[in-house]
Amino acid sequence: MKSIAASFIAILLTVSVFAQSDYTAKAKALLAKMTTEEKIGQLNLVTPGGGVATGSVVSQDVETKIKKGQVGGLFGIFGPEKVRQAQDLAVKNSRLHIPLIFGLDVIHGHKTIFPIPLGLSSSWDLGLIEKSARIAATEASADGLQWAFSPMVDIARDARWGRISEGNGEDPWLGGQIAKAMVRGYQGKDLSANNNIMACVKHFALYGAAEAGREYNTVDMSRVKMYEYYLPPYKAAVEAGAGSIMSSFNEIDAVPATGNKWLLTDLLRKQWGFKGFVVSDYTSLNEMTNHGIGDLQTVAARALNAGLDMDMVGEGMLTTLGKSLKEGKVTMAQIDAACLRILEAKFKLGLFDNPYKYVDESRPAKDILTNETRKASREIATHSMVLLKNANQLLPLRKSGTIALVGPLADNKRNMLGTWVVAGDWTKSVSVAEGIKNVAPAANIIYAKGANISDDSMLVKNANALGVEIEPEQQSAEAMLNDALAAANKADVVVAVLGEAADMSGESSSRSDIGLPESQLNLLKALVKTGKPIVLVLINGRPLTLTWEDAHVPAILEAWAPGTEAGNAIADVLFGDYNPSGKITATFPRSVGQIPIYYNHKNTGRPYDGKGSGKFKSYYMDISNDPLYPFGYGLSYTSFSYGSLSADKHSLKGNETLTCSIPVTNTGKFAGEETVQWYITDPVASITRSVEDLKGFQKVWLQPGETKVISFKITTADLKFYNGDLKYDWEPGEFIIRAGTNSASTQSVSVQWNKK
Ligand code: BGC
């Protein structure tokens, strides 16, 4: 038995010789001992199944491959026992005992689930967002993991694309702030601590710009648009020290991201200085063959040449790089560079010091799904909700009287967690019915389902692809509707909980119609006809078209998929224990025909101001240009009024600082929080600019009657943009500073800013 233990210790000793030196030196020393096959083995990421297999294959013969040193990392399993077993295979059986890295799609929580990312971003609360990632890191690491396939920072301007739910909306600056907060939350200060895990920023790059909002579709855009609007969040995550990056499925400039040298080497490593490793998305390397740029050997070589380090599931690198090396299609230096980056990551994570440092059977009971983590999830969920409408102050509700609780999502646990929940257990979630009972025990609740989530067989089949999320009732639609109307007629108020099943948004969940499904809209229309006051609570993963709802329903609360504490958090908001403060981070269109629609659009040569005839102007004949709800929009139970915006200077030079200020008063009856937003317009430049760009925000808590003056300091850094030569700089001239409650409702001041 000397062999296993002794050689394991020998490896640790070899490594600990460099205990105080840098990871690169340690990794290089190990690399020098490795055969070509072992090096290529480190580039191989496998999944034995057990997670969500999003590609057409799961890995085969995983155990044998690990023992042969043909696996660098593994994802899809979790729990100390399973991780220990798999790690044993590597450190006790493979020749060099190199530990595996264990990853998982920890996207919005591990087992304590937080709101979907689009919801989290609507909180505009970077502290809470960071906290959600921190808790996810603690839970995931307690479950043996050290690598999260998150944050997903793809900018999306198209709500048909299902993965808009997984990102932070449409704004590059806010997206960057959130990306940093997430990386900080996962990685902490020191990756070698056993409760910090490595982030994997995805999907690099531009994945959210899929044509027609159809999943995995072609992306094609100008460099200026990329640099200015799509790349900033990835760059911000790199600046925050993210340890790894995942390449995306789409092409960029007619070359798939996974084999795109400009993207993975010139931009990411040379321009941005990224030092971590790049992993492909699930079989995205192999899929380059479908994209039409060659057979498996060709695309694997191309990916390595481009700067890809690790191949997720497809084993194109494992099976062809040896041959390509012999044929001179790749070099040993390239294989070494990729392998080195993966080894460095493992050193950073402390896996060579102790491959089992994340394996502690006592941790799950202490660290996972505790009262504390549930409390945090409830708090964060309340902050993510957006009050879209509240006519006649229908909300908050009294905790008494009779409430008709209606809708297919009203007494439903299955769909509270939202998309991309691998380890989370929906049976542990709180339904809205339970939450209302917890928060308002004295209220009389009459429940009726009223309708199925959808009766459209195609939609139901696709939404249920990963498990039954839409369970059609035996009862007829008419009988269900009658129950709901009977409940409504007996009630003082109707709370209708409607929306999407969890996987009606997320990966491969594009929709061409983003309204409420017909079955639910019919229910809502019938409820409205009763004349009872209706509160519409929406559970969904994307901006929906709510034009009819906005015109006919007095109160609308966008709750997203709120996570484990869904029902409690919704009830906290409905009954006023928490006064909603969320603001949407993706524009809600009036109609799907307006898509792509986003606030930071360009002016045109023929802009239409909405007044008079639009003939020969940039407009639609049949609908206004404006969205239903603009970026940054969200109401409160109280009201805020803004005083006049002022600037401390109107003419500035060079690196001076401008301070703009605006008083904000709580003019309503409830204490509440407002998110004051700052936008800048650069009306004349060498290339066309957006009509405005978000550059800052402050959250301010105000008691009724209280006023605070909010100030924003602007430097020339806030004026910079990527010009026609992709140089990041500012150009002198006029700038318009805007402040307000959302992107479409601001005051402005104009200043002149010259170089000298
Ligand atoms: C998704 C990634 C995910 C990966 C691994 C892919 O299909 O695009 O976001 O991390 O699967 O599960």
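**Salt bridges in the predicted model**

Glu-38 counts as buried, because its relative accessibility is 11%, and the cut-off for buried is under 20%. Keep in mind that this is a predicted model.

So what does Glu-38 pair with? Its partner is Arg-95, and the two form a salt bridge with the closest N and O atoms 2.7 Å apart. This pair links distant parts of the chain. Glu-38 sits in helix 3, residues 36–42. Arg-95 sits in the loop between helix 5 (80–93) and strand 3 (101–104). They are 57 residues apart.

Next pair. Asp-105 and Lys-202 meet through their side chains in a salt bridge, 3.2 Å from N to O.

Third pair. Lys-413 and Glu-434 form a salt bridge at 3.0 Å, N to O. Lys-413 is in the loop between strand 12 (402–406) and helix 18 (432–439). Glu-434 is in helix 18 itself, and the two residues are 21 apart. Here both partners are partly exposed: Lys-413 has a relative accessible area of 25%, and Glu-434 has 30%.

Now a network. Salt bridges link Glu-228, Asp-682, Arg-689 and Asp-693.

And the total? How many salt bridges are there in the whole structure? The search finds 38.

Conventions:
Residues numbered from 1 in each chain as written. Predicted model: local features only at pLDDT ≥ 70, side-chain atom pairs only at ≥ 80, totals over all residues. Heavy atoms only, no water. Salt bridge = Lys/Arg side-chain N within 4 Å of Asp/Glu carboxyl O. Helix = DSSP H or I, 4+ residues; strand = E, 2+ residues; numbered from the N terminus. Buried < 20%, exposed > 50% of the residue type's maximum accessible area, 1.4 Å probe, protein only.
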